[in-house]
Amino acid sequence: MIRFTNVHMNYPGGNEALRNINLHIEQGAMVYITGRSGAGKSTLLRLIALIDRHSRGQIIINGQNLERVRKRRIPIFRRHIGFMFQDHRLLNDRTVFDNVALPLVIAGYRHQEIRKRVQAALDKVSLLTKVNSYPRALSGGEQQRVGVARAVVHRPAILLADEPTGNLDPALSWDTMKLFEQFNQVGVTVLIASHDLDMIKRMSKRIITLKTGRILTHSGTPTEA
Amino acid sequence: MKQVNRKKNTRPNKTFNSELKRRFDMWLLQHAQAFIFSLGQYIKHPISNILTTAVIGISLALPASFYLLLDNVRYASSSWDGSVQITLFLQTDVDESHAAEFANILSSDSNIRETVLIKRDDALAEYQKLSGFSEALNTLDENPLPNVVLVKPSLDSTDEAETEALIKQLEAMPEVDSAQYDSRWLKRLLYLLDIVNRLIVILSTLLAIAVLLIIGNTIRLSIHNRRSEIEITKLFGGTDSFIQRPFLYSGLWYGVFGGIIAWLLITISMQMLHGPVKQLANLYASNFQLIGLGFGNSVILLASGIALGLFGSWIAVKRHLRAIEPV
């Protein structure tokens with residue numbers, strides 16, 4: 001599903017964010033990427049989503065060589081990916097429904113279909129009652145779950161989460177992780193960048209540890225998990 | 001049930017066509033969404049949008065009303081022929097048949113396009129009718145008016161010197177008592193109108209640029225304000241055309257509402273001027289009436305508003321939207 005071969009990433013200005021990364025993540029895997037701030041966790045996710053382009057090496061996502069994905073095709077490519085952020089990045093002038101519906105509206109779904117799917121996604125994160133609220137009226141944990149619903153509503157093949165639990169207390173973080181696990185169980189490949197090592201270890205999934213742009217350790221495999 | 005039937009009918013023969021139709025439906029749907037969404041955005045921020053639209057409306061109304069004014073002046077002066085006309089007052093001893101012969105000879109001159117003979121009796125009758133002095137004129141023993149020949153030169157009417165030469169030549173003829181060439185002021189008016197016309201073209205261009213800048217800047221601000229939304233939309237696979245669509249439609253709305261405001265301003269002004277102008281025209285025994293915008297010009301006004309709105313927002317979108325990439 002995701003294969004990195006000798007991948008280097010230099011940001012303009014010479015800052016080397018990733019060095020010689022080799023990794024393979026199978027379809028349906030759930031993988032944690034950890035490491036200190038600046039170790040390259042976010043960069044790894046950004047390369048997968050084509051937010052940044054890698055400098056050297058080869059990345060193949062879902063059978064597609066990313067070098068061959070032209071700028072025009074990037075939007076279509078991204079429709080197979082769901083995103084989660086630490087700061088939620090919800091649109092504050094839109095209701096919860098409209099926020100969650102965004103990926104479906106972008107993909108051009110019909111209204112009835114959108115309503116059905118948004119309701120299903122919100123039901124999954126137990127926020128069906130907040131469908132007409134605005135994000136500001138929700139607690140941090142609820143906003144986070146709206147973000148989860150938005151990330152999976154279009155049934156992406158890959159879910160990328162960048163520090164999804166950064167602002168949550170341990171109990172809520174745990175709930176969010178369990179939610180990811182549920183999506184993973186229905187076949188979504190899940191990549192979570194996080195520095196919350198205690199929790200990651202409790203989830204007993206594959207862990208990739210980065211340090212200054214290199215893979216330091218590679219513990220656990222999908223088969224072990 | 002219906003849907004199932006339709007699928008069954010279309011699927012076997014033309015999957016390509018149904019795919020095309022699906023895409024077209026999607027395209028139409030997304031346009032409808034952007035259309036309504038941008039209107040919703042417009043209504044959501046009424047004060048700032050109404051102010052912007054009012055500025056656009058006034059900028060459109062100014063050149064439009066000047067054109068209208070020019071139209072009206074042209075219309076009012078259209079009863080006077082644009083070309084030069086020379087009035088020849090013949091000697092009183094030239095009788096009607098002689099005058100007709102003289103007019104005929106003149107019209108064969110290559111410098112003269114047309115001559116019209118006004119017989120002295122006809123002139124008197126018309127004068128009696130129009131002046132209101134009929135009683136007084138009846139007391140005259142003899143018609144005091146001479147025969148008159150109106151001469152329209154075939155010369156280029158803008159060439160003063162040639163016209164002057166022709167007048168001198170005509171005045172020298174024995175039948176002619178005096179020649180009058182009093183349309184100089186009319187020509188001055190026409191020249192003046194020409195200058196005014198140019199000025200209006202310049203003014204319209206400047207105001208059109210102003211409208212473009214206003215709309216462009218407004219759209220630029222709204223792109224800036226919705227930066228995070230644009231980033232998220234790009235992250236979830238929104239294409240450039242998907243993202244720019246609502247902004248283009250906002251430009252359209254500014255144009256439409258600006259055009260409507262301009263139309264209202266002009267129509268109300270015309271209504272206010274209508275009465276006084278009619279009273280003035282009555283004093284001059286004229287049945288002149290102000291020409292309003294009419295259907296055609298209203299359409300042009302609205303269309304210019306829409307065109308400027310779309311173009312202004314297009315410029316802003318091209319300049320600023322591409323620069324925003326997800327971070």
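Confidence within chain B is lowest in helix H1 (residues 2-10), where the mean is 45, and highest in helix H11 (residues 294-320), where the mean is 92. Over residues 1-12 of chain B the pLDDT stays under 50, and the model has 2 contacts beyond four places in sequence for this stretch. Where pLDDT is low, the predicted coordinates should not be read in detail. For chain A the average pLDDT is 88, and 97% of the residues score at least 70. Among the elements of chain A, strand S10 (residues 214-219) has the lowest mean pLDDT, at 79, whereas helix H3 has the highest, at 94. Residues 221-225 of chain A form a stretch over which pLDDT stays under 50, and for these residues the model has 8 contacts beyond four places in sequence. For the complex, the predictor gives an ipTM of 0.88 and a pTM of 0.72.

The domain assignment divides chain B into domain 1, comprising residues 32-78 and 188-320, and domain 2, comprising residues 86-182. The centres of these two domains of chain B, taken over C-alpha atoms, are separated by 52 Å. Chain A is likewise assigned a domain 1, made up of residues 2-80 and 156-219, and a domain 2, made up of residues 95-149. In chain A the corresponding separation between the centres of domain 1 and domain 2, again taken over C-alpha atoms, is 24 Å. Contact between the domains of chain A involves 6 residues of domain 1 and 6 residues of domain 2. On the domain 1 side of this contact, the residues divide into 3 nonpolar, 2 polar and 1 charged.

Two helix pairs of chain A were examined for their packing. Helix H3 (residues 96-107) and helix H4 (residues 111-124) of chain A pack at an angle of about 125°, with their axes 9 Å apart. At this angle H3(A) and H4(A) are therefore oblique to each other, and their crossing is right-handed. In the contact between them, A:Phe97, A:Val100, A:Ala101, A:Leu104 and A:Val105 of H3(A) meet A:Ile114, A:Arg117, A:Val118, A:Ala121 and A:Leu122 of H4(A). By class, the residues of this contact comprise 9 nonpolar, no polar and 1 charged.

The second pair consists of helix H5 (residues 140-152) and helix H6 (residues 170-185) of chain A, which pack at an angle of about 15° with their axes 11 Å apart. H5(A) and H6(A) are therefore roughly parallel to each other, and the crossing of H5(A) and H6(A) is right-handed. Here A:Gly141, A:Gln144, A:Val148 and A:Val152 of H5(A) meet A:Leu172, A:Thr176, A:Leu179 and A:Phe183 of H6(A). The contact of H5(A) with H6(A) has 5 nonpolar, 3 polar and no charged residues.

Between the chains, 15 residues of chain B are in contact with 15 residues of chain A. On the chain B side, the elements that give two or more residues to this contact are helix H2 (15-44) and helix H9 (227-235). Of these, H9(B) supplies the largest share of the chain B side, with 5 residues. The residues of chain B that touch chain A divide into 7 nonpolar, 7 polar and 1 charged.

Note on methods: Residues are numbered from 1 along each chain as its sequence is written. Chains are lettered from A and ligands numbered from 1 in the order in which they are written. This is a predicted model: local features need pLDDT of at least 70, side-chain atom pairs count only at pLDDT 80 or more; totals for chains, interfaces and linings use all residues. Domain bounds come from an automatic or database domain assignment. Two residues are in contact if their C-beta atoms, placed from the backbone, lie within 7 Å. Ala, Val, Leu, Ile, Met, Phe, Trp, Tyr, Cys and Pro count as nonpolar, Asp, Glu, Lys and Arg as charged, and the others, Gly among them, as polar. Axes are lines fitted to C-alpha atoms, for helices over the stretch in contact, and angles run from 0 to 180 degrees between N-to-C directions. Helices (H or I, at least four residues) and strands (E, at least two) are DSSP runs, numbered from the N terminus. Angles under 35 degrees count as roughly parallel, over 145 as roughly antiparallel, 65 to 115 as roughly perpendicular and the rest as oblique. A crossing is left-handed if the near helix is turned anticlockwise from the far one by less than a right angle, and right-handed if clockwise. pLDDT is the predictor's confidence in each residue, from 0 to 100.
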